[in-house]
Amino acid sequence: MHTETQPSAAQAPLTVRVFRQRFSATRKAARLARLLAVHQFHEWGVPYGSDSSDVAALVVAELAANAVTHGRVAGRDFELRLVLEAGGLLRVEITDARADRCLPAPPPDAPPPEAETGRGLLLVEALAETWGVVDRQVGKTVWATLRVTARTVTRPSRP
């Protein structure tokens, strides 16, 4: 006996947008990752200069800077991956090639005012809903999730 089941109600399609790019593990490339991320956010309807764009850009910048500073392996790239779900949940992932230097937990207190480092993960923890580290076969992925406000992007029709 063969029975077919029909969905009881039409389900709206779920839109998930994904951007992925590899970069050389340099400071200049970390800056480029942030700039391209901001451009991508704008393309996805998260406008330049908005709070959502600025916060997401800061998270990308901090994670990319950590990848090139602490996760660098000579001759290996790092990867930026952005995923934006229809509900406004943005996942930022930075993958580097160095698994032996896992990220520490953010320090319980802010570093002294004269310290030039030590605030990156504190910023990520303060700005992201969640964040963490996933080991990979080669390297690790540091990720963070944020809520962003995106407007609907309408593109002009082409002739």
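What follows is a walk through the fold, its sheet, its helix packing and a few individual residues.

The model is a predicted one, so local features are reported only at pLDDT of at least 70 and side-chain atom pairs only at pLDDT 80 or more, while totals for chains, interfaces and linings use all residues. Residue numbers start from 1 along each chain as its sequence is written, and side-chain values rest on heavy atoms, with hydrogens and water left out.

To start with the overall layout, the protein has three helices and five strands. These elements are DSSP runs numbered from the N terminus, with helices being H or I of at least four residues and strands being E of at least two. Along the sequence they come in the pattern β-α-α-β-β-α-β-β. Of the 159 residues, 36% count as buried; here buried means under 20% relative accessible area, exposed means over 50%, and partly exposed covers what is in between, using a 1.4 Å probe and protein chains only. As for contacts (heavy atoms within 4.5 Å), 64% of those between residues at least 6 apart in sequence join residues at least 24 apart.

The five strands make up an open sheet in the order E1-E2-E3-E5-E4, with antiparallel pairing. Strands are taken to pair if DSSP finds at least two bridges between them. E1 and E4 (130-135) sit at the edges with a single partner strand each, so one side of each has no neighbour in the sheet. From one strand to the next, the twist averages 15°. Going through the pairs, E1 (residues 16-24) runs antiparallel to E2 (residues 77-85) over nine bridges, and Val18 has Val83 in E2 as its bridge partner. E2 also pairs with E3 (residues 89-96), again in the antiparallel sense, over six bridges, with Leu84 standing opposite Leu90 in E3. The hairpin of E2 and E3 has three residues between the strands, and Gly88 takes a positive phi near 95° there. Bridge partners here include Val133 with Val142 in E5 and Asp135 with Lys140 in E5. The E4-E5 hairpin has four residues between the strands, and in this hairpin Gly139 adopts a positive phi near 90°.

On the aromatic side, a search of the whole structure turns up one pair. Phe23 and Phe78 are stacked, at 5.4 Å centre to centre and 25° between the planes. Phe23 belongs to E1 and Phe78 to E2, so the pair ties together parts that are 55 residues apart in sequence. Both Phe23 and Phe78 are buried. For the cut-offs, rings of Phe, Tyr and Trp (its six-membered ring) pair if their centres lie within 6.5 Å, and planes under 30 degrees apart are stacked, over 60 edge-to-face, and the rest tilted.

Next come the helices. H2 (residues 51-70) and H3 (residues 120-127) pack at an angle of about 145°, with axes 9 Å apart. The axes are lines fitted to C-alpha atoms, over the stretch in contact for helices, and angles run from 0 to 180 degrees between N-to-C directions. On the H2 side, Val55, Leu58, Val59, Glu62, Leu63 and Asn66 meet Gly120, Leu121, Leu123, Val124 and Leu127 of H3. The residues of this contact split into eight nonpolar, two polar and one charged. In this scheme Ala, Val, Leu, Ile, Met, Phe, Trp, Tyr, Cys and Pro are nonpolar, Asp, Glu, Lys and Arg are charged, and the others, Gly among them, are polar.

Two further residues are worth a look. Gln40 is found in helix H1 (residues 27-43) and is buried, with a relative accessible area of 15%. Leaving out residues up to four places away in sequence, Gln40 touches Phe19 and Leu82. Arg151, in the segment after E5, is partly exposed at a relative accessible area of 42%. Neighbours within four places in sequence aside, Arg151 is in contact with His42, Trp44, Gly45 and Pro47. The C-alpha atoms of Arg151 and Pro47 are separated by 8.2 Å, although these residues are 104 residues apart along the chain.
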